[in-house]
Amino acid sequence: MKEFGYQRADDISGAVALLGTDPDARFLGGGTNLVDLMKSGVERPGLLVDVRRLPLDRVEPTPDGGLRIGATVTNSDLAVHPEVRRRYPVLTQAVLAGASGQLRNMATVGGNLLQRTRCGYFTDVTKACNKREPGSGCPAIEGEHHNHAILGASDHCVATHPSDMGVALTALDAVVTYETADGPGELPLADFYLPVGDTPHRETALPPGALITGVIVPPAPVAARSRYRKVRERASYAFAIGSVAAALDVSDGVVREVRLAFGAVASRPWRARAAERALTGAPADAENFAAAADAELAAARPLRDNSYKVTLMRNLVVAVLTELAEEATR
């Protein structure tokens, strides 16, 4: 591991200023991803700016009825917060599916959104990787890729984003707030992650030196009936091979509103807009759920060894939406 400096920030503006003193500086929250990457040599910061003591550790109501979640709220605290559990169960379920209790006790909301892919070529510095070393190639395309992207990938990168929380927040139309030396800003989560294109090393639209200060989840009555379902290769805590965040409002057997986002199928949490359009106003039945999934997955471009994800995601969408529709009739 490269030798690095350490500074603890006393306030938000001080944290941003500290990061500006070193082009290789990084903010340190729980460190559950960053420290691992430092150990493997993927990340080599010259300075760590500890932000855990900043006043960003609360979940508070917004004037319009949503929630503001501070960037240093731990995953554990977020998952058990009574308003999150009551109004956004999909978010609680996604967080609880994401890691062990020990990791959730350390990991933060801001860090979760910024975690990096677990692609084996990215985490092994002896291998080529366009995300880690632009222009070096993407050996996953012809190599080991059974858990890589089927949507939104490119010839330059087929890695997937690992966040469970991010999938739920994408379905909820969350907005990321941040602070820079020029002042505050915000980004809808739909615009937060950049398309992979030919610059896979550029992962988010955050301005240089920006500190995530929180996430705003707008009011969403549809989210009261919502669910996160994650498929993984073993029953213990593991990264998804496919996941769905869904919320459904049904009246008289017809879909009034639906939210859908997919995980582990793209370089970012994937909002299933085509599926949502196909379902809105349609009868809430398995046939229409399958047709909606097919509408979204028509854009899939699976690789040699991951075409199973198309079938998996189709079945997952039908199962989750069927369960939610059945709940609506009870």
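**Cavities and a strand hairpin**

User: Which residues lie nearest the centre of the largest cavity, among the 18 residues that line it?
Analyst: The lining of the largest cavity consists of 18 residues; a cavity is a set of points on a 1 Å grid over the protein atoms alone where a 1.4 Å probe fits but cannot get out, and a lining residue has an atom within 4 Å of a point. This is a predicted model, in which local features need pLDDT of at least 70 and side-chain atom pairs count only at pLDDT 80 or more, while totals for chains, interfaces and linings use all residues. Residues are numbered from 1 along each chain as its sequence is written, and side-chain values use heavy atoms, leaving out hydrogens and water. Nearest the centre of the largest cavity lie K131, H161, P200, E203 and S267.

User: How many charged residues are in the lining of the largest cavity?
Analyst: Asp, Glu, Lys and Arg count as charged, Ala, Val, Leu, Ile, Met, Phe, Trp, Tyr, Cys and Pro as nonpolar, and the others, Gly among them, as polar. By class, this lining holds eight nonpolar residues and six polar ones, and its charged residues number four.

User: What is the volume of the largest cavity?
Analyst: By the grid rule, the model has two cavities of 30 Å³ or more. A volume is the space filled by probe spheres set on the grid points, which are joined across faces, edges and corners. The volume of the second largest cavity is about 80 Å³; that of the largest is about 150 Å³.

User: Which residues are closest to the centre of the second largest cavity?
Analyst: This cavity is lined by 16 residues. By class, they divide into ten nonpolar, five polar and one charged. Closest to the centre are C119, Y121, C129, C138 and C157.

User: Which residue of β11 is the bridge partner of S243?
Analyst: Strands are DSSP runs (E, at least two residues), numbered from the N terminus, and two strands pair if DSSP finds at least two bridges between them. Strand β9 (residues 226-231) pairs with β10 in the antiparallel sense over six bridges, and K230 has S243 in β10 as its bridge partner. Strand β10 is also joined to β11 (residues 254-263), by nine bridges and again in the antiparallel sense. In β11, the bridge partner of S243 is G263.

User: What is the phi of D252, in the turn between β10 and β11?
Analyst: Strands β10 and β11 form a hairpin, with two residues between them. D252 lies in this turn, and its phi is positive, at about 55°.

Note on methods:
On a 1 Å grid over the protein atoms alone, a cavity is a set of points where a 1.4 Å probe fits but cannot get out, and a pocket is an open set with protein on both sides within 12 Å along at least five of seven lines; lining residues have an atom within 4 Å of a point. Helices (H or I, at least four residues) and strands (E, at least two) are DSSP runs, numbered from the N terminus.
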